[in-house]
Structure formats: C-alpha cells, structure tokens
Amino acid sequence: MGTKELSKTAYLIAWGRSKDPDLSLDPYARLWLTDQGIAYSEKLAERVAPSVPYFLCLRSRYLVELLRAFERSNPGFTLMNVASGLSSYPFLLSDRSSTVCFDQPHVLDHYRGRVDDAIREKQLPQRNIDYVPVNLNSAEGVEAVTQRISAQDRPCFILFEGILSYLEKSTALEMIRKASELARPGSRMIVHVFLSDFDHSPVLKRINAFLSEELGIAEHRFTYFDEQDFADMPGMTLIEHVGFEDMHTRWGRKKPFDRDGLIDERFFLFEKK
C-alpha cells in the first residue's frame with residue numbers, strides 16, 4: 001500500500017454506481033468504498049444534486065454495455081483504462097480479456113491492494129491486470145499510454161473516462177490524437193469530457209461551494225472542450241456523441257429527468273478504420 005491517502009472524491013464514482021447495481025451493471029462497486037468515502041459522497045449529493053448517483057449509474061451502464069459489445073466482437077481484447085481509479089471494469093468482462101490501468105502511483109498502490117485482498121477473499125474473480133503508475137498530465141504520461149497502445153497487435157478499447165478535463169488541454173489533445181493514430185484498425189476509443197457550456201452551469205457553482213466548504217478547495221476550473229476539438233482524430237471515425245439525456249432515454253425506466261442536477265458530461269465514441 002502507498003503512504004499517500006486517496007482523496008475523498010476518489011470514492012464518489014464507486015459510491016454512485018453501488019446505489020443501483022442493476023442499472024450500473026457493477027455489482028462490485030461496493031468493494032471499493034470506505035465509511036469516510038460514503039459519508040462524503042452522500043453529503044455531496046445532498047448539497048449538489050440528489051440525482052448524482054443516478055447519473056453515475058447511467059455513465060457506468062453506457063460504458064459497460066460498450067465494453068461488453070466490443071468483447072463479443074473481439075474476444076480476449078485489451079482495455080486501456082486511462083486514469084483507472086477504483087474501477088470494476090476488469091471484473092465485468094470475461095477472464096479472456098485483459099486490462100492495463102494507468103494512474104498515479106499512490107492510486108494504483110491502493111487499488112492493487114484492494115484488488116488482491118478481494119481476490120484472496122473470493123469477492124472478485126481473478127483477472128489479468130497490468131498496472132502502469134504515471135503522472136498523466138505530462139509528456140511521460142502521454143508516452144506511457146501511447147506506447148502501450150502502439151504495442152498492441154490487435155484492436156483494443158481505449159477508455160479516457162474522468163481524466164481529460166483535469167489535464168492541460170494541450171496534453172489531453174496530444175494524448176488522444178496519438179492514441180487514435182497508433183491504435184490498430186478496429187479499435188474503439190471513448191473520450192469523456194466537459195464541453196465549454198458547463199462552465200456556466202448552476203450545478204458547477206454548487207460543486208465549487210461544496211468543495212470550498214468541505215475540502216478548502218478554491219473554485220475548480222475544469223479543462224473544457226468543444227466538438228471541433230475532436231474533428232481530426234487520425235484514422236478514427238466518430239460513431240456517436242452522447243450525454244446523460246441520451247442514456248436516460250435508453251435506460252431511464254420512465255423516471256423524470258433532473259435537468260437542474262445535470263452534470264453535463266459528454267461522451268464521444270470513435271472507431272479506427
């Protein structure tokens with residue numbers, strides 16, 4: 001285990017997905033949680049929007065469905081999980097597939113320890129996971145990710161979830177463009193970002209107020225993108241561009257859509273031709 005503790009926010013995604021495993025398709029999300037992480041996440045949802053866990057479940061559902069569909073067409077594929085955090089994805093796929101997890105060293109130390117413990121206690125199935133500790137907001141991070149993509153001899157799935165809007169924009173664009181250039185034909189790539197409209201969102205103001213009061217964090221500035229930023233992905237074709245409203249239409253079970261609590265994340269799905 002690393003000596004550096006995870007931030008409270010690291011548990012938010014797993015907490016949200018654990019609230020409705022039937023929707024999120026993630027029965028393992030609860031394994032990553034701590035009492036402190038649960039308390040923090042519940043307080044954030046109460047202050048920001050009660051629909052936060054619902055949106056996190058939709059996000060999980062969308063990505064798991066994509067990964068499983070890709071696996072059906074590409075048995076034994078490799079998932080490139082960039083900024084993997086406390087992720088269940090390796091265990092939601094078959095044992096024929098493998099995963100490369102890229103993240104900060106202390107995050108991967110913590111995650112690997114939790115994985116090893118859960119496998120030993122038979123709470124998780126054995127899976128083939130490779131851990132790559134790296135600062136993703138750097139030239140070394142770009143090199144680490146793209147080198148592993150280049151080394152693949154068959155199509156892979158590249159997942160940029162929850163990371164690009166936290167990187168310098170030039171670094172983020174260099175990483176995804178090099179990834180698209182080096183990926184084998186048939187590979188798919190998810191680019192998950194905030195578009196510039198989110199900067200004026202009422203929910204962002206509530207997020208910033210909460211982070212300031214709870215963690216002493218000054219106003220957070222995300223890195224924003226526009227659709228034009230993804231117009232030139234070398235060799236890649238845009239398959240779809242979706243948001244939570246689209247996911248709600250597919251899997252929302254006829255419940256009302258909470259526009260006031262919408263954290264407007266966007267997902268761009270590309271395929272290498």
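This is a predicted model: local features need pLDDT of at least 70, side-chain atom pairs count only at pLDDT 80 or more; totals for chains, interfaces and linings use all residues.
**Close-up views of aromatic and helix contacts**

View 1. Phe268 has a relative accessibility of 2% and counts as buried. Phe268 belongs to strand β8 (residues 265-272), while Phe230 sits in the loop between β6 (224-225) and β7 (236-242), so the pair ties together parts 38 residues apart in sequence.

**View 2. Phe194 and Phe198 form a stacked pair.** The whole structure holds 19 aromatic pairs. In this one, the ring centres of Phe194 and Phe198 are 4.5 Å apart and the planes lie at 10°, so the pair is stacked. Phe194 and Phe198 are both buried.

**View 3. Helices α4 and α9 cross.** Helix α4 (residues 52-73) and helix α9 (residues 244-251) have axes that come within 10 Å and cross at roughly 80°. The two helices are therefore roughly perpendicular. From α4, the contact uses Tyr54, Phe55, Leu58, Arg59, Arg61, Tyr62 and Glu65. From α9, Phe244, Met247, His248, Arg250 and Trp251 take part. Sorted by class, the contact has seven nonpolar, four charged and one polar residue.

**View 4. An aromatic cluster includes Tyr54 and Phe244.** One cluster is formed by Tyr54, Phe55, Tyr62, Phe244, Phe257 and Phe267. Lys255 lies over the face of Tyr54, 4.1 Å from the ring centre.

Key:
Residues are numbered from 1 along each chain as its sequence is written. Side-chain values use heavy atoms; hydrogens and water are left out. Axes are lines fitted to C-alpha atoms, for helices over the stretch in contact, and angles run from 0 to 180 degrees between N-to-C directions. Helices (H or I, at least four residues) and strands (E, at least two) are DSSP runs, numbered from the N terminus. Angles under 35 degrees count as roughly parallel, over 145 as roughly antiparallel, 65 to 115 as roughly perpendicular and the rest as oblique. Contact means heavy atoms within 4.5 Å. Ala, Val, Leu, Ile, Met, Phe, Trp, Tyr, Cys and Pro count as nonpolar, Asp, Glu, Lys and Arg as charged, and the others, Gly among them, as polar. Rings of Phe, Tyr and Trp (its six-membered ring) pair if their centres lie within 6.5 Å; planes under 30 degrees apart count as stacked, over 60 as edge-to-face and the rest as tilted. Buried means under 20% relative accessible area, exposed over 50%, partly exposed in between (1.4 Å probe, protein chains only). A charge sits over a ring if NZ of Lys or CZ of Arg is within 6 Å of the ring centre and within 35 degrees of the ring normal.
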